[in-house]
Amino acid sequence: MPSWLRRHRGLVPYLFLVPGGLWLIAFFVIPLITVASVALQEGSLGTGYRLTFNFGIFPDAIARWDTQLLRSLQFGLIVTVLAMLIGYPMAYTIAFRGGRYKNILLLLVIMPFFTSFIIRTISWKFILADQGFVLGTLKDIGIVEPGFRLIATPVAVIAGITYNFLPFVVLPLYVALERIEPRLIEAANDLYASRFQAFIRVTLPLSISGVFAASLLSFIPAVGDYLNAELLGSRNETMIGNVIQRLYLVNNDYPQASALSLILMLGILVSVFVYRRVLRGQELTV
Amino acid sequence: MTTHRTRTTFAILGLCLALILASCGIEPEDSPGSTSSVDPGDSGATDSAAPSQAAVGGGEPEDVLNFANWPLYIDEDDDGNRPTIDQFEEATGVDVTYTESIEDNNSFFGTIQPALAAGDDTGYDIIVMTDWMIGNMARLGYLEPLNVERDVPNFLENADAVYLDRSYDPGNIYSVPWQSGITGIGYNPELVDEEITSLAQLFDPELIEKYCGQIGMFIEMRDAMSLAMLYNGVTPSEATMEDAEAAQQTLLDQAPCVRDYYGNEYAQGLADGSLAITMAWSGDVFQLQLDNPDLQFVVPDEGGILWTDNMAIPKGAAHPNAALAMMDYVYDPEVAAQITEWVNYITPVPGAQEIILQHVADAEAEDDAETADYLRAVAESPLVFPTADMLDRLFSYKVLDEEEERAWNELFDEVVAG
C-alpha cells in the first residue's frame, strides 16, 4: 500500500467503488439526465428541440395516457400475484422435496432462457391462434365456441408476461427457502404446530426476503413490458411500454416519450417503497 | 457532520444537473452557423430556396455507392447474392455497398437526421423512402435536387405516366420511384360469405358486426387515416383538420370490432384464419396467394392508396453520380423485370411485364414448369401489374406539415391505444 493511501486509510472503500460508480454515471446517471432534459424540451425533429423547461408536459402526459399507465400497474400487480402463486409452490417443492433432482429441476426452470423470449412469445401466438393447433382442435370437437379466442385478449397478455417472468420469481424464492434450517420446522412441529401453522409462522416469515426480491423482479419488468402486449394483445391491452415505444420510434415525439419514461420510473419507485413499508422494511437482498 | 456533507453533495449534484440540462438541447436542422433559436414557422423558407439550387450529377460515376434500402426489396439468388447489384457493378465498375438498413420511415429518418441537420454526409448515396417522407425531407432541404432529363433518361423513357408527377414531388425534382404498392382490403373467403367490394364492409359498425374480432387494421397512421377518409368520401391528399377528426371518429366507431392494429404481421393473421377482413398491402396478398389462392385483395369502390417508395439522394452525399447511374440502371426494363420477379411489388416500369412473359416462354422451352407457372402468376397478377381500372381508383397520401403530422398522430394514437 503506498504511503499516501496508508495515511488516508478511510479512502480505500471509496476507491473500490470507483469502477462501479463510473459505470453507473456513464450508463445510468447521464442517460437519465438526458431523458430528463429531453422531456423538458419542445419542438420537433425537423425544426429542432429547444429546452424550455416545459414542466407542464408531465401532467399532460399523465392526463393523456392515464388509462395505459393504470393498466400497466394493474397488469404488473396481477402478474406478480399469479407468478407468486405458481412460483412459490414450485420453489418450495424444489427446495424441500427436490432431493438429488434439485439441480436438474433448477436447470429446467432456467431452460426457457436458452431461447430468446421474443421467439418464445411469438410461438405462443402460433400455438394459440384462433384456428391453430389448440383452439382449432377444441373448436372442431365442439368444446369451445367457434368465435372464441385467446390472442388479443387480456388473458393472453397477462399469461404471456407471467410465463416470461416466472423464472425470475422461482429463483430468488428458491434461494431464500433453500437457506431455511429444516430443524426449525421440525422444532415447530415438536411444539405442536400443525404443518400449516409451521408454514405460516416459520417458513413464510423466513422466506419473506425472497418474496420481496421475487415480487420486485417480476413487478418492475412486468409494468414496463411491451412485447407481450404487442404480440399477444390488441388496442384494449395497450400498456405504457407500447405507448412509449410508439412515441419514440413512430411519432418521433421524444419529449413526451421521455416524460412518460420518467413517470413510469417514478410510479414503479413509489410502488416499491409502499410495498417495502407493507413488508416492514425488508431490504432488497436475498 | 454527515448531514452537512450530504447536503453539500446534493447541492453540487443539483448544480451539475442544472448545467447539463441547460446544455443539451438537440440542434435543429437550421443552416450551418446560425445557432439562434428557430422559429417553427420558417420551414417554408427552405422550401422556396430549394428548387433554385443546382442539381447534382452530370459527371462520371464515382468508384463507390452506398445504397440503403428496406429488407427483401431487391432480387436475391439462392446464394444470397444480389444479381441486379452484381450486374450494375460489372457494367459500371462502381463498388456498391447495399445495406438493408431501413425498417421504418420515421426511425430511419431519426438516425440520419442529426447528420443532415449538421450538413454532414449521412454515409448513404441512395436512400429509399416512402412518398410522404420524400415530401417532408424535400421541404426540410434534406435532399439533393436531380436533373432526371440529363441523368436518369431511362426513367422518362420507361416509367408509367402515373409516376411522373406525383403530389409529394411534383416534377420529380428530388426522387424517382423504386417500387409501389396498393393499400386496400384483403379477405379470406372461407370466413366471409359475401364478396367484399366496398370500404363500408370494413368500416360500417353494422356491417362488420358479424366479423367482430376478425377485422384487421394497420398501425400505420397514414394508411389507416387515409382509408377512413376515402370511406368518408374525402380525397386524402386534400384532407383538412376536420376531415382528420371525422376519420378518427370513423376509426373509433370501428375499433370495438377490430382485433388489432398491425404492422407487417397482419399477413400472418390473414393466412392463419385469425382475420376475416383486413386492411392489406397488395404485394403481401400476392405472396400469400401463392400458398392459398383463395385469399382475395380488392381495391374498394371508394378507392385505395397507391403508395410509392422512392430513391433519393440525401443532402451532402459523397457519390451522387454513382447514385444517378444506379437510378438510371434500374429503369432498364430488363433490370426492372428481374427485380419484380423477385420482390412482387408494383414496378414503375410497365414494360417489365412483357419481359417477364418472355421469361415464361423461356422457362417453358426449358421444361421448367414450376418457374414458368410462378413467373406467369407474377406477370398476370393485377396486384403486380394493376389494371387501368384499378389505377383510376387509387389516391396518394397527403404530405403533412409538422403541425398537421403531430395533430394527426395524436388523433390516431387515441385509436390504437384503447
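Predicted model: local features only at pLDDT ≥ 70, side-chain atom pairs only at ≥ 80, totals over all residues.
Trainee: How is chain B divided into domains?

Mentor: Domain 1 takes 62-180 + 307-376, and domain 2 takes 183-306 + 391-416. The C-alpha centres of domain 1 and domain 2 of chain B are 27 Å apart.

Trainee: What makes domain 1 and domain 2 of chain B count as being in contact?

Mentor: Contact requires C-beta atoms within 7 Å. On that basis, 14 residues of domain 1 of chain B touch 14 residues of domain 2 of chain B. On the domain 1 side, the elements giving two or more residues are α5 (131-139) and β9 (304-312) of chain B. The most come from α5(B), with four residues. That side of domain 1 has six nonpolar, six polar and two charged residues.

Trainee: Which residues does L173(A) touch beyond its neighbours within four places in sequence?

Mentor: L173(A) is in contact with G87(A), Y88(A), A91(A), S207(A), G210(A), V211(A) and A214(A).

Trainee: Why are α10(B) and α11(B) called roughly perpendicular?

Mentor: The axes of α10(B) and α11(B) cross at roughly 95° and come within 9 Å. The label covers angles of 65 to 115 degrees, and α10(B) and α11(B) are therefore roughly perpendicular to each other. From α10(B), the contact uses A224(B), M225(B), A228(B), M229(B) and Y231(B), and from α11(B) it uses D243(B), A244(B), A247(B), T250(B) and L251(B). By class, this contact has eight nonpolar, one polar and one charged residues.

Trainee: And why does the pair α11(B) and α19(B) get the label roughly parallel?

Mentor: Here α11(B) and helix α19 (residues 402-416) of chain B pack at about 10°, with axes 9 Å apart. Roughly parallel means under 35 degrees, and α11(B) and α19(B) are therefore given that label. The residues of α11(B) that take part are M241(B), A244(B), E245(B), Q248(B), L251(B) and L252(B), and those of α19(B) are A407(B), W408(B), L411(B), F412(B), E414(B) and V415(B). The contact of α11(B) with α19(B) has nine nonpolar, one polar and two charged residues.

Trainee: What makes R195(A) exposed?

Mentor: R195(A), in helix α9 (residues 195-206) of chain A, has 11 other C-beta atoms within 10 Å and is therefore exposed. R195(A) and I185(A) are ten residues apart in sequence, and their C-alpha atoms are 8.6 Å apart.

Trainee: Why is α15(B) described as largely enclosed by the rest of the structure?

Mentor: Nine of the eleven residues of helix α15 (residues 333-343) of chain B are buried, so the description applies. Among the buried ones are P333(B), V335(B), Q338(B) and E341(B). The buried residues of α15(B) pack against α3 (83-92), α7 (153-158), β4 (175-187), α14 (320-329), α16 (352-365) and α17 (369-380) of chain B.

Trainee: What is the phi of N344(B), and is the residue buried or exposed?

Mentor: N344(B) has a positive phi of about 65° although it is not a glycine. Most residues other than glycine have a negative phi. N344(B) follows α15(B) and sits in the loop between α15 and α16 of chain B. The cut-off for buried is 20 or more other C-beta atoms within 10 Å; N344(B) has 22, so it is buried.

Trainee: How does N252(A) get the label partly exposed?

Mentor: N252(A) has 19 other C-beta atoms within 10 Å. Buried needs 20 or more and exposed needs 12 or fewer, so N252(A) is partly exposed. N252(A) is in the loop between α12 (240-250) and α13 (254-278) of chain A, and its phi is positive, about 50°, although it is not a glycine.

Technical notes:
Residues numbered from 1 in each chain as written. Chains lettered and ligands numbered in written order. Domains from an automatic or database assignment. Contact = placed C-beta atoms within 7 Å. Nonpolar A, V, L, I, M, F, W, Y, C, P; charged D, E, K, R; others polar. Axes fitted to C-alpha atoms, helices over the stretch in contact; angles between N-to-C directions. Parallel < 35°, antiparallel > 145°, perpendicular 65-115°, else oblique.
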